[in-house]
Structures are given as C-alpha cells and as structure tokens.
Amino acid sequence: MELRQAACFLRHVTISAVLIMALTSCENRTDKSGQAPETKAQNSQVDTMGHQDWETIVEVLLHPRCLNCHQLEMPLINEGSPHIPRVARGPGNMGTGTMQCGNCHSNQNNPVTGAPGAPGWAMAPIELNWSHKSSAQICKLLTTPQDNGGRSPDSLLKFISENPLALWGWNPGGKRQPVNIPHDKLVEAMKGWIAAGTPCPSEGATN
Ligand code: HEC
Ligand code: HEC
C-alpha cells in the first residue's frame, strides 16, 4: 500500500515537473506584450520606420511652401517674409474687408501679377497653425482630433495626396522653390507613418 502511494506521488511530481517545464518554456517565448520575440522585433522595426517617415513628413510641413499659409494670423511669402501688402486671416480665413485672398489669388499661378494661385486659396484654419511649433508639437496636434478640428490620419493622407493647395507646393510658379522632397516620397512616408500607428517624437526631442 505504502509503496503504491509513493509511486503514485512520484508520478505526480514527474508530471507536474514536465508541465512546469512546458509552461516556462512557453513563457520564455513570449514577453509581457504576449508577442513571440520574432514578432516583437518585426514590430519595433516598423516602429522605427514610422519615426523616419514622420521626419520626412515634418520636413515638408515646415517647408516655406507649406508653412507660409499655416500661420497664426497672417500669411508669409517666399522664405518667410511678411506678405506685402499686409493681409490677415479674417473670419473665414480668406482675408478682411477689401483685402480678400481671392482678389489677387486665383485658381492658378498668375505670371503677370506674380501672385501664386490654386483652387481654394486661403489661410490654413487656425487650428492648423504650426508656425513656431516643434516637430513633437506638430505631430501631437495632427494626431489629436479634438485639437485639430476633428481630422483623422486618413484625411491628412487624402489632403496631401490630392488637395490642390498641397499639390501647389510642387508647382509654385515664379522663382519660388518647390518643396524639396518629391511628392510621391511624401505620400509613401505618410502611408508608412499611418501603418506604424502615427508615432510621434517625444516632447523633449530637440527639433
Ligand atoms: C494657400 C494656403 C495653403 C498652402 C500653400 C498649404 N496649405 Fe495646407 N491647408 C490650407 C487650408 C485652407 C487647409 C484646410 C483645408 C480644409 O479643411 O478643407 C489646409 C489643410 C492642411 C492639412 C490638413 C488636411 C486635413 O483636412 O486633414 C494638412 C496636412 C496640410 N494642409 C498640409 C499642407 C502641406 C504639406 C502643404 C505644402 C505642400 C500645404 N498644406 C500648403 C492652406 C494651405
Ligand atoms: C492685394 C493682392 C493680394 C491679396 C489681397 C492677397 N495676396 Fe497673397 N500674394 C500676393 C502677391 C502679388 C504675392 C506674390 C508675392 C511675391 O512672391 O513676391 C502673394 C503671395 C502669397 C503667398 C506666398 C507663397 C509663397 O510660398 O511664397 C501666400 C502664402 C499668400 N500670398 C497668401 C495669401 C492669403 C492667405 C491671402 C488672404 C488672407 C492673400 N495672400 C491675400 C497678392 C495678394
């Protein structure tokens, strides 16, 4: 009787030990995120790519062809000089009083007056002012719908892909320098950034 009990006990111990070994070896294959090491490595690679993609995007957003309209109250010209004559945002982003943007800016660049143009020419809405903001702040703004007028990553992608105001940056007319990053590279970067979950630099980042 006693021998059988002892044998039975030993069997239990052995089975438990095997089970524990099986369980711990499973645990080794995953970490707290519940992902196997290989998947995690892949994800962090995508994540890094997302950060590089953001660097490309923000370089375009801060280019004068984009930044000149994404101001607080007044648009800028060329490499960031004041717009002469002085014009201001006004209630509908299209100017004040007799100084309406549409008086001088039409649907296309005007080689005679020198005024650039594209359909819908207006200052960017105030919630999309990114002058004097850091890369981290702009990123946070664009990824926070309650601060940016309810815009989603997909609407950002659509805008930079096809809106005439964005496309104008690659056909600015006159002696203006077009955006230095090719348009298709920007679109690819935006897609990559969205696929990576729109990662932002941390607030302490230097740029
Ligand atoms: C002539 C002024 C002007 C220029 C130049 C301009 N923008 Fe804008 N931008 C606007 C306006 C106006 C809106 C708001 C459009 C809307 O809400 O329909 C806007 C909106 C945006 C948005 C938000 C889109 C959304 O609704 O999700 C992004 C992103 C953007 N601009 C990027 C750019 C980039 C990149 C460039 C340069 C290649 C650029 N803009 C050049 C006026 C401008
Ligand atoms: C009285 C005519 C006039 C009015 C009104 C006017 N503009 Fe202009 N704007 C011009 C001219 C001319 C230029 C070209 C200046 C140059 O390149 O030297 C210009 C240039 C610009 C540029 C520079 C683009 C670049 O990247 O160099 C922006 C942006 C701009 N205007 C936005 C606006 C907005 C927004 C409004 C309305 C709030 C407006 N303008 C109202 C005449 C006008």
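## Close-up views of a predicted model

**View 1. Polar contacts to ligand 1.** A backbone N or O atom of Leu156 lies 3.4 Å from an oxygen atom of ligand 1. The structure shown is a predicted model. Side chains also reach ligand 1: a polar side-chain atom of Ser155 lies 2.6 Å from an oxygen atom of the ligand, and a polar side-chain atom of Arg151 lies 2.7 Å from an oxygen atom of ligand 1.

**View 2. The shell around ligand 1.** Two or more residues each come from helix H2 (37-61), helix H3 (64-67), helix H7 (153-162) and helix H8 (164-167). Helix H7 gives the largest share, with four residues. In total, 22 residues surround ligand 1, and the closest are Cys66, Cys69, His70, Arg151 and Ser155. By class, the shell around ligand 1 contains 18 nonpolar residues, two polar ones and two charged ones.

**View 3. The shell around ligand 2.** There are 24 residues around ligand 2, and those that come nearest are Asn78, His83, Cys101, Cys104 and His105. Strand E1 (76-77) and helix H4 (101-104) each supply at least two residues of this shell. The shell around ligand 2 is made up of 15 nonpolar, seven polar and two charged residues.

**View 4. Burial along helix H5.** Helix H5 covers residues 135-142 and is mostly covered, with six of its eight residues buried. The buried residues of H5 are Ser135, Ala136, Ile138, Cys139, Leu141 and Leu142.

**View 5. Confidence along the chain.** The average pLDDT of the protein chain is 85, and 75% of the residues score at least 70. Residues 6-10 have a pLDDT below 50, and this stretch has zero contacts in the model beyond near neighbours in sequence. Over residues 13-41 the pLDDT also stays under 50. For residues 13-41 the model has ten contacts beyond four places in sequence.

Methods. Residues are numbered from 1 along each chain as its sequence is written. Chains are lettered from A and ligands numbered from 1 in the order in which they are written. This is a predicted model: local features need pLDDT of at least 70, side-chain atom pairs count only at pLDDT 80 or more; totals for chains, interfaces and linings use all residues. Side-chain values use heavy atoms; hydrogens and water are left out. A residue is near a molecule or strand if one of its heavy atoms lies within 4 Å of it. Ala, Val, Leu, Ile, Met, Phe, Trp, Tyr, Cys and Pro count as nonpolar, Asp, Glu, Lys and Arg as charged, and the others, Gly among them, as polar. Buried means under 20% relative accessible area, exposed over 50%, partly exposed in between (1.4 Å probe, protein chains only). pLDDT is the predictor's confidence in each residue, from 0 to 100. Contact means heavy atoms within 4.5 Å. A polar contact is a pair of N or O atoms within 3.5 Å; within protein, one must be able to donate a hydrogen and the other to accept it, and residues adjacent in sequence count only if both atoms are side-chain atoms.
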